[in-house]
Amino acid sequence: MLRMVIATLLVLAGSAVTWCQIPQRTLQPTDTTAQRPPVTLDVQPYYGVGFQLGFVSGVGFSFRYTSPQRYALEVNAGYITAGKNRAWYSFGIEGQYQFDNSLDSRFYGLAGLGYYADDKDSVGNVLSYPTRLGLGVGYEWFISRAAAIALEVPVTFFIGEPGVQVFPTVQLGIVYYFR
């Protein structure tokens with residue numbers, strides 16, 4: 001019991017010594033009413049090119065326009081062939097609204113629409129649910145001043161001849177921004 005009391009006193013004494021060593025400027029209350037400096041994406045429009053992998057707005061190359069009014073529009077398209085009898089392709093569009101934008105990340109809501117195809121032996125699309133519609137959120141981490149990795153989690157509506165199926169899905173992307 002005595003050891004526990006001594007250990008507690010040592011921890012409290014160490015905390016007091018540590019607190020006393022904090023510079024006084026860091027103990028001042030922060031001004032939360034001050035305007036934050038504008039982030040570059042907040043001031044002028046930006047464009048981006050990259051690659052998207054997902055079930056809502058397409059798999060393939062992407063082009064993005066980001067406006068200073070917190071809106072972004074992304075177009076995705078891709079085509080892969082496996083010989084003369086098989087091809088996969090998709091194209092889609094995605095709208096984004098930024099909830100938060102900082103120097104190293106972006107948090108946004110998204111709505112997307114895409115069309116996916118598996119053309120086998122030239123008989124047309126053999127996918128049961130080729131049209132996709134999704135609503136969700138995304139987070140983008142800037143890995144440099146201009147490049148970012150995106151993770152999106154939409155609820156996806158798979159629409160096709162048999163009806164509609166709904167699943168949460170994940171989309172990944174990488175984009176390089178420029179003016």
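How many residues does the hairpin that joins β6 to β7 run through? The hairpin passes through 4 residues.

## Model and conventions

This is a predicted model, in which local features need pLDDT of at least 70, side-chain atom pairs count only at pLDDT 80 or more, and totals for chains, interfaces and linings use all residues. Residues are numbered from 1 along each chain as its sequence is written, and side-chain values use heavy atoms, with hydrogens and water left out.

## Overall make-up

The protein comes to 3 helices and 9 strands. Helices (H or I, at least four residues) and strands (E, at least two) are DSSP runs, numbered from the N terminus. Read from the N terminus, the order is α-α-α-β-β-β-β-β-β-β-β-β.

The protein has 179 residues, and 31% of them count as buried. Buried means under 20% relative accessible area, exposed means over 50%, and partly exposed lies in between (1.4 Å probe, protein chains only). Take the contacts between residues at least 6 apart in sequence: 49% of them join residues at least 24 apart. A contact here means heavy atoms within 4.5 Å.

## Strand pairing

Two strands pair if DSSP finds at least two bridges between them. β5 and β6 are antiparallel, with 11 bridges. L113 has L133 in β6 as its bridge partner. β6 and β7 also run antiparallel, joined by 12 bridges. There, T131 has I159 in β7 as its bridge partner.

β7 covers residues 147-160 and β8 covers residues 163-168. These two pair in the antiparallel sense over 6 bridges. V155 stands opposite P168 in β8. A hairpin of 2 residues joins β7 to β8. As a general point, side chains in a regular strand alternate between the two faces of the sheet.

The largest nonpolar core has 5 residues: Y46, F142, A148, V175 and Y177. Such a core is a set of buried Ala, Val, Leu, Ile, Met, Phe, Trp, Tyr and Cys residues joined through side-chain atoms within 4.5 Å.

I143 sits in the loop between β6 (131-142) and β7. Is I143 buried or exposed? I143 counts as exposed because its relative accessibility is 51%. Neighbours within four places aside, I143 is in contact with A148, I149 and I174. I143 and Y176 are 33 residues apart in sequence, yet their C-alpha atoms are 10.0 Å apart in space.

A87 belongs to strand β4. A87 is buried because its relative accessible area is 8%. Not counting residues up to four places away in sequence, A87 touches Y79, I80, T81, A117, D118 and D119. A87 and D121 are 34 residues apart in sequence and 8.9 Å apart in space, C-alpha to C-alpha.

S62 belongs to strand β2. With a relative accessible area of 9%, S62 is buried too. Its contacts, neighbours within four places left aside, are G48, V49, G50, F51, Q52, E74, V75 and N76. R70 lies in the loop between β2 (60-66) and β3. R70 counts as partly exposed, because its relative accessibility is 31%. Phi of R70 is near 80°, a positive value in a residue other than glycine.

## The second largest pocket

Rolling a probe the size of a water molecule over the atoms shows where empty space is left. The search uses a 1 Å grid over the protein atoms alone: a cavity is a set of points where a 1.4 Å probe fits but cannot get out, whereas a pocket is an open set with protein on both sides within 12 Å along at least five of seven lines. Lining residues have an atom within 4 Å of a point. Grid points are joined across faces, edges and corners, and a volume is the space filled by probe spheres set on the points.

The second largest pocket holds about 210 Å³ of space. Its lining has 13 residues, with V59, I80, W88, Y89 and S90 nearest the centre. β3 (71-81), β4 (86-101) and β5 (105-120) are the elements that give two or more residues to this lining. The lining divides into 9 nonpolar, 3 polar and 1 charged. Ala, Val, Leu, Ile, Met, Phe, Trp, Tyr, Cys and Pro count as nonpolar, Asp, Glu, Lys and Arg as charged, and the others, Gly among them, as polar.
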